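User: I'd like to learn how to read a strand and its neighbour in a model. Can you take me through one?

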Amino acid sequence: MIIIPDIHGRTFWKSAIEQKEKDEKIIFLGDYLDHYDYEKNSENELITPENAIENFKEILNYKKNNNNVILLQGNHDYIHYNLDSFDCRKYYKYEEDINMLFKDNLKLFSIAHYEIFKNQPFLFTHAGVMQKWLNRVNQKFSTIENLVHWLNTNPWAALRMCGPDRGGFDPVGSCLWVTVTEFDTNNYELPNIYQIFGHTQLRSGFIGSYYADLDCRKAFKLNEDTLEISPL
């Protein structure tokens, strides 16, 4: 499986998918737009809102033409679909156009995805799931299937919860907003489930015993036989 973290207008995903094997799944962890002003794409050109939007359209078309592609939503996608949501950096000039782009293609996205390799469940979300947040929204689950189903059919009110690390007023953020600094590297947040997410940008990413934060401007590969995660 190829894992592609936060895009933000970047084009590194194109070289990553060129390395995919036949029938290999590709999962995008969300945040397709809203670049940083100083960043350049793979062609060493400054990213603009216009070419970031075109890049996003290419990703949508790639998904439409490939059944083995999973598109997750991130907080930057959520704010474009829900214009009255908690705000963050976004393309205000193209707000209405992007809103319609998401609405027209909403069926292509999900909030969470899971895979089970060698009896090990893997949970994919944009920012990670904290037990503290699940407790806050009175959510209990017995299997990873139950959890993912709930996340993908979740009322937006729960998903919009944003903690103080991202300027919000909730005690803890949802799986779209929580930051990796809130995770405990020495304990399972969700027993027996390995979490893979992005959202909190790190220089080289973090691959730990219980979770991996892969937001570092490059793609990764999850080896389904060894369960190892390595950069592409």
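Analyst: Begin with pairing. This is a predicted model. Here strand 2 (residues 26-28) and strand 3 run parallel, joined by 3 bridges.

User: Which residue of strand 3 is the bridge partner of I27?

Analyst: I70 is the partner of I27.

User: How do I read the side chains of a strand?

Analyst: The general idea comes first. In a regular strand, side chains alternate between the two faces of the sheet. Now the case here. Strand 3 covers residues 69-72. V69 and L71 point one way, while I70 and L72 point the other way.

User: Are these four side chains of strand 3 buried or exposed?

Analyst: V69, I70, L71 and L72 are all buried. Buried here means under 20% relative accessible area. Across the protein chain, 54% of the 232 residues count as buried.

User: How many helices and strands does the protein chain have?

Analyst: The chain has 7 helices and 11 strands. Its radius of gyration is 17 Å, close to the 17 Å from the globule rule for 232 residues, so the chain is as compact as a globular protein of that length. The C-alpha trace spans about 45 × 40 × 30 Å along its principal axes.

User: What do the contacts say?

Analyst: Take the contacts between residues at least 6 apart in sequence. Of these, 62% join residues at least 24 apart.

User: And the surface and charges?

Analyst: The accessible surface is about 11,000 Å², and carbon and sulfur atoms hold 46% of that. The chain carries 24 positive and 33 negative charges, and their mean positions lie 1 Å apart.

Notes:
Residues are numbered from 1 along each chain as its sequence is written. This is a predicted model: local features need pLDDT of at least 70, side-chain atom pairs count only at pLDDT 80 or more; totals for chains, interfaces and linings use all residues. Side-chain values use heavy atoms; hydrogens and water are left out. Helices (H or I, at least four residues) and strands (E, at least two) are DSSP runs, numbered from the N terminus. The radius of gyration is taken over C-alpha atoms; the globule rule is 2.2 Å times the number of residues to the power 0.38. Buried means under 20% relative accessible area, exposed over 50%, partly exposed in between (1.4 Å probe, protein chains only). Contact means heavy atoms within 4.5 Å. Accessible areas come from the Shrake-Rupley method with a 1.4 Å probe; for residues, only the protein chains shown count as cover. Lys and Arg count as positive and Asp and Glu as negative; His and the chain ends are not counted. The place of a charge is taken as NZ of Lys, CZ of Arg, CG of Asp or CD of Glu. Two strands pair if DSSP finds at least two bridges between them.
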